[in-house]
Amino acid sequence: MAALTPSRPRVEGADEFTVGTRFHRALGDGRIECTVCPRNCRLREGQRGLCFVRARHGDQIVLTSYGRSSGFCVDPVEKKPLNHFLPGTPVLSFGTAGCNLACRFCQNWDISKSREIDTLSSQADAVTLAATAKRLGCKSIAFTYNDPTVFLEYAADCADAARDAGLKAIAVSAGYINPPARRELYSHMDAANIDLKAFTEEFYKKIAFASLRTVLDTLEYLVHETDVWTEITTLLIPGHNDSDAEIAAEAAWIAEHLGPEVPLHFTAFHPDFKMRDVPPTPPSTLRRARRIALEAGLRFVYTGNVHDPDGQTTHCPGCGEALIVRDWYRIDRYAVSDSGHCTSCGARVPGVFEGPAGDWGPRRQPIRLAAPSVSQP
Ligand code: SF4
């Protein structure tokens, strides 16, 4: 296998999975501040940030999980979810460990809250990863399961290798990131799905320990200042963020500040992590939210994690024809031209369309790229 850190200098006294970062600054009291996200963790020697994978090492902040992953999997792009980005195509997806949010309802907490870097039993250098994705017929690679904000340097190198191989790169993120790191991360990306976890500061503060304003800033940045194709996901949690008023306010903000053509996905919560006392989201809530968002003027609103062909169909923005009919991750009808136009009226469908739809379907295929890199107890 090639060196894991081909484009990153090794950090003296650290292992091969540790690389330097440029998002930090020294404070007058001897601490070093990580400036990647608004947590701005201020660390003394040996301390780790809230995300656990960034740490103080000497006079800098380092990333300690470069090249390591919780596992690789090929799955459909619709699972990210992205409905307007190379529909039907397979994506090589992976994550690492750690997260810079602390959501009580986390649906991936075994990965994102992992404080055991040794649970990252897979490893891959960026070039190997991109070559594997290409060999498997993937059109993209995706940073998902946990937030690429915290492993920015590894995500950037993998995205560059993917682009060199003719593939695209997708970030699935909560959008909780400071502007300089945001510019850096998304300059390497082609598409993003941003979790908009709710539409009140109170929810963000109490349930996610973050701030709504930062996420809205990230969305405005992506839509107005980059070419990154952006879709939004809101996980609806019964009794916490699913009121008619909150959904209407979110949809109205998207329509006004991002434009009505940005796709919005409403997905179903299942009891997990520190929110096992909350019931799963009923499909009727997803359908209600979709109706409210459509009434607010959004053109592409989808339901997820349920069988709901009506709520998962893309309609032509020109003539209203059902262009892409989906059932969960399976495409049952596709009437978009290779250049992304309605085959009935010729209207342009917002998104990234290159050639015919893929035929990957709903499959999920775990991939083993390398033997475990650490000895297990
Ligand atoms: S990226 Fe991690 S270490 Fe840096 S500020 Fe955010 S939580 Fe703290």
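Colleague: In which loop is the place of Cys103?

Modeller: In this predicted model, Cys103 is one of the residues that the UniProt annotation "binding site", from an unreviewed entry, covers, together with Cys99 and Cys106. Its place in the chain is the loop between strand S9 (90–95) and helix H1 (109–112).

Colleague: Does Cys103 count as buried or exposed?

Modeller: A residue is buried if 20 or more other C-beta atoms lie within 10 Å of its own. Leaving aside residues up to four places away in sequence, Cys103 touches Lys197, Ile207 and Ala208. Because Cys103 has 25 C-beta neighbours inside 10 Å, this residue counts as buried.

Colleague: Which strands stand at the edges of the open sheet of three strands?

Modeller: The sheet has the order S1-S6-S5, with antiparallel pairing. Two of its strands have a single partner strand each, so one side of each is left without a neighbour in the sheet, and these are strand S1 (19–20) and strand S5 (54–57).

Colleague: Over how many bridges do S5 and S6 pair, and in which sense?

Modeller: S5 and S6 form a hairpin with two residues between them, and Gly58 in the turn has a positive phi of about 65°. Within the pair, His57 stands opposite Gln60 in S6, while Arg54 stands opposite Leu63 in S6. The strands, S6 being residues 60–63, pair in the antiparallel sense over four bridges.

Colleague: Which residues of S5 point the other way from Arg54 and Arg56?

Modeller: In a regular strand the side chains alternate between the two faces of the sheet. Arg54 and Arg56 point one way from S5, and the residues that point the other way, buried as are the two arginines, are Ala55 and His57.

Colleague: How many nonpolar, polar and charged residues are in the shell around the ligand?

Modeller: The residues that surround the ligand include Arg54, which stands opposite Leu63 in S6. Among the others are Cys34, Cys37, Cys41, Cys51, Asn100 and Val150. By class, the shell has seven nonpolar, three polar and two charged residues.

Notes. Residues are numbered from 1 along each chain as its sequence is written. This is a predicted model: local features need pLDDT of at least 70, side-chain atom pairs count only at pLDDT 80 or more; totals for chains, interfaces and linings use all residues. Two strands pair if DSSP finds at least two bridges between them. A residue is near a molecule or strand if its C-beta atom, placed from the backbone, lies within 6 Å of it. Ala, Val, Leu, Ile, Met, Phe, Trp, Tyr, Cys and Pro count as nonpolar, Asp, Glu, Lys and Arg as charged, and the others, Gly among them, as polar. UniProt positions are given in the numbering used here, feature names are shortened, and annotations may be inferred rather than shown by experiment. A residue is buried if 20 or more other C-beta atoms lie within 10 Å of its own, exposed if 12 or fewer, and partly exposed in between; C-beta atoms are placed from the backbone. Two residues are in contact if their C-beta atoms, placed from the backbone, lie within 7 Å.
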